[in-house]
Amino acid sequence: MNINQLETLLTISRTMSFRKAGELLNLTQPAVSAQIKSLEDEFKTVLIDRNQPVTLTDRGQVFLDHAERILAIVEELKQKLSDLNQTPQGHIVLGTTSSIAIQILPRVLSYFQNQFPLIKTTIHSMPSTGVMASVENGTVDIGITYLSERNPNVQTAILYYDTYELVVAPEHPMSGLKHTTVESLKDIPMIMLSPDTLGRRFLDQIFRKYDLQPNIVMELSSSEEVKRMVEINLGAAVVSKLSIANEVRLGTLKRIKVNELDMSHPVGLVYKSGRYINSAMQQFLSDLKGMPEDQFISSE
């Protein structure tokens, strides 16, 4: 058994085709078939059902599960050896909310990739509450999110502070106000983030504290979706102050200060405790931790 055979099996499982696997691996179809036949002969079992579309047998699926683990170990070994060259390189998978991905990361990644072109970054956008879990289970390497949850399995570092503000469309009856109270929110249609977001949990706590029942007309999974609905005047919303900088500047949203919401919320890095930190991650963490707060909030 060799690594190339395992990579071939993995590619076949994804493409369900010997021909397509060969194209991706730059191998002829007979070469692909020979590698799989060699594996099957060595382990005295049938790994692939060759009917169309090609699928793994039950034994093939068990074999694949172990093959993926072996390939992951090999990839980690390559990364550790590469780190010995002292040139930051590798692949970082980032997990964050759609608002942070749109508002914050373009400036950060533009600088970072200019300085370290050998480092590749992939961004996964997800609800704020999913970032911590994704870091913990290894789906992403580094998360950037609100640090309202304490988790002994992860390390955190604060980057900047954000607040939440009420926003309405210019045509909304409240658009002329500069200030209002949380009491007034019970009387207007509200567009809310979904319950699995930290912003929504914060707002629910405020409503419970003041014994208010909001008039929720819509629930959406991201601040970007919420803002679009507010812009066409389907309701008011409470969203991150940093996420609305562009809309406020263009005049498509009006923000109204609500004293009861005037709290600072830390936003920062999250990464798993005890995991191997390759040179790419070390450089990324070091650069972000060293950035002054105004680098993140200057978009206003």
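This is a predicted model: local features need pLDDT of at least 70, side-chain atom pairs count only at pLDDT 80 or more; totals for chains, interfaces and linings use all residues.

Modeller: Residues are numbered from 1 along each chain as its sequence is written, and side-chain values use heavy atoms, without hydrogens and water.

Colleague: How many helices and strands does the chain have?

Modeller: The chain has twelve helices and 13 strands, counted as DSSP runs (helices H or I, at least four residues; strands E, at least two) and numbered from the N terminus.

Colleague: Why is the chain called more spread out than a compact globule?

Modeller: The globule rule is 2.2 Å times the number of residues to the power 0.38, and the radius of gyration is taken over C-alpha atoms. For 300 residues the rule gives 19 Å, whereas the radius of gyration is 25 Å, well over that value, so the chain is more spread out than a compact globule. Its C-alpha trace spans about 75 × 45 × 35 Å along the principal axes.

Colleague: Which residues of helix α2 are buried?

Modeller: In α2 (residues 18–25), F18, A21 and G22 are buried, that is, under 20% relative accessible area with a 1.4 Å probe and protein chains only, exposed being over 50% and partly exposed in between.

Colleague: What makes these residues line one face of α2?

Modeller: The directions from the helix axis to the C-beta atoms define the arc. The buried residues of α2 fall within an arc of 100°, so they line one face. On the other side of α2, E23 and L24 are exposed.
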